[in-house]
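Subject: Structure handover

Hi,

Here is the structure I promised to pass on. My notes on what turned up in it follow below.

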Amino acid sequence: MGETKIKRYVLALTTIVWRLIAFAPPPSIVLDHPDHLPQEIIPFAQPNPTLSSNSLPAATTPDEGSTQPVYILYSTALTCGEIWGIHQRPPYVPPILEPSVSPNELNTNTPYYYLVAMLIRNKVVDAQDCPRGGLQTPYVANTCGVERARFVLAEWQNMYDAEIIQASKNTGVPPRLLKQLFAIESQFWPGTYGNGYEIGLGQLNQSGADTLLLYNPPFFQRLCNDTLHPNRCEMGYPNLSNEEQLMLRGYLVQRVNATCTDCPAGIDVTRAKESVAIFAEVLRANCAQTAQIIYNVYRRSPGQVSNYVDLWKFTLVNYHTGPGCTSKAVQYVNQNGLFLTWESLKSGLISPECKKGSDYIERIFQ
């Protein structure tokens, strides 16, 4: 075979292989098998930060002859906006997404009925003179109970404000957003709830722990070194055995559990305050996981196919309902030729479990 024919043969074979890779269906996100996800981190194309949702392509495929990088999976040095490929925030965002606030602006005084019930149950508040001891149900206070707790309510819901502001500075997670997440998830009671499946201020579970350990290797390394032999930790989280991964997830979930039978009010306040930084990292890890899901479908950075505010909503859906719901919803939007906006993604949250994500966003952004 002549040299020219060999070159043509190699070029044709390369083209075929590239097309098979470029146009293959996007990989599915399965938390039980995190090694299915690409791990390489390389730079990606810079998007237009001013692109509006009305001018975004609904469905895209790689242009023939272009180079499609593996999308960024994580970075402990980037904000969520930068992870999405948005390097300049929009000039106007909802107050909950403002990048910085003063302690006074973060301060709240809301009558949280679950928080009051836990304060009564742990004898922080004396409501014995109220009907049913101040409790409407074992985990919900009645109006009289809330009245008895009025002097400590503000203290308990603002106890973590300094840590929230510091975590925001370290991660770029908007402080009001992080505090609102705590308000909705736990009403600022940093212990266990119900059967203990979800724990802490942000109600961390095994799925959320998995996301953080997969998308933040430095965090994984530190946690792993506390529990496993360093030789095992060098393998990386995806390459550990299922038993080792389960051990690390369980250890992480307990790190945010401030329940303490020997502490005043039954809460280890120091541990609760330390957990704020962990939850900020969990949320940032969800930003990265959401970015990967969108890239798997569109082969574009998230900032090229959606906008800053909606990407936060997608991330919060991912945090609350899991990557399965997010992935199916994004694929639904793409397959139906819609723009990737919050309104279109909501229509892709089809199952009863996934539909909870829509209500969650309404509560967060109320």
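One definition before the helix pairs: axes are lines fitted to C-alpha atoms, for helices over the stretch in contact, and angles run from 0 to 180 degrees between N-to-C directions. Please keep in mind that this is a predicted model.

**Overview**

The protein has 18 helices and 4 strands. Of its 366 residues, 49% count as buried. Take the contacts between residues at least 6 apart in sequence: 73% of them join residues at least 24 apart.

**Two helix pairs**

Two packed helices are described by the angle between their axes and the distance between the axes.

Start with helix H9 (residues 206-215) and helix H13 (residues 269-298). Their axes come within 8 Å and cross at roughly 75°. Angles of 65 to 115 degrees count as roughly perpendicular. H9 and H13 are therefore roughly perpendicular to each other. H9 brings Gly208, Thr211, Leu212 and Tyr215 to the contact. From H13 come Ile278, Glu281, Val282, Ala285, Asn286, Ala288, Gln289 and Gln292. By class, this contact holds 6 nonpolar, 5 polar and 1 charged residues.

Next, helix H4 (residues 113-121) and H6. Here the axes come within 11 Å, crossing at roughly 110°. H4 is thus roughly perpendicular to H6. Leu115, Val116 and Leu119 of H4 meet Val152, Leu153 and Trp156 of H6. The class count is 6 nonpolar, no polar and no charged residues.

**The core**

In soluble globular proteins, nonpolar side chains tend to be buried together. The largest nonpolar core in this model has 99 residues. Which of them touch the most other members? They are Trp84, Trp156, Phe182, Leu252 and Trp312. H13 gives the most to this core, with 15 residues.

Leaving out residues up to four places away in sequence, Trp156 touches Leu115, Leu119, Val124, Phe188, Trp189, Ala265 and Ile267.

**Helix H7**

H7 spans residues 161-171. Its buried residues are Asp161, Ile164, Ile165, Ala167, Ser168 and Thr171. Seen down the axis of H7, they fall within an arc of 165°, so they line one face of the helix. On the other side, Ala162, Lys169 and Asn170 are exposed.

What do the buried residues of H7 pack against? Their partners are helix H3 (103-106), helix H6 (150-157), helix H8 (175-186) and H13. Just after H7, Gly172 takes a positive phi of about 85°.

Most residues other than glycine have a negative phi. Two residues to check against that:

- Gln187 has a positive phi of about 55° and is not a glycine. Gln187 sits in the loop between H8 and strand S3 (192-193).
- Ala265 has a positive phi, near 70°, and is likewise a residue other than glycine. Ala265 sits in the loop between H12 and H13. Its relative accessible area is 17%, under the 20% cut-off, so Ala265 counts as buried. Ala265 is also one of the residues that Trp156 touches.

**A buried arginine**

Arg249 lies in helix H12 (residues 242-255). Is Arg249 buried or exposed? Arg249 is buried, with a relative accessible area of 14%. Setting aside neighbours within four places in sequence, Arg249 is in contact with Gln206, Ala209, Asp210, Leu213 and Tyr237.

Best wishes

Note on methods: Residues are numbered from 1 along each chain as its sequence is written. This is a predicted model: local features need pLDDT of at least 70, side-chain atom pairs count only at pLDDT 80 or more; totals for chains, interfaces and linings use all residues. Side-chain values use heavy atoms; hydrogens and water are left out. Helices (H or I, at least four residues) and strands (E, at least two) are DSSP runs, numbered from the N terminus. Angles under 35 degrees count as roughly parallel, over 145 as roughly antiparallel, 65 to 115 as roughly perpendicular and the rest as oblique. Contact means heavy atoms within 4.5 Å. Ala, Val, Leu, Ile, Met, Phe, Trp, Tyr, Cys and Pro count as nonpolar, Asp, Glu, Lys and Arg as charged, and the others, Gly among them, as polar. A nonpolar core is a set of buried Ala, Val, Leu, Ile, Met, Phe, Trp, Tyr and Cys residues joined through side-chain atoms within 4.5 Å. Buried means under 20% relative accessible area, exposed over 50%, partly exposed in between (1.4 Å probe, protein chains only). The arc is that of the directions from the helix axis to the C-beta atoms.
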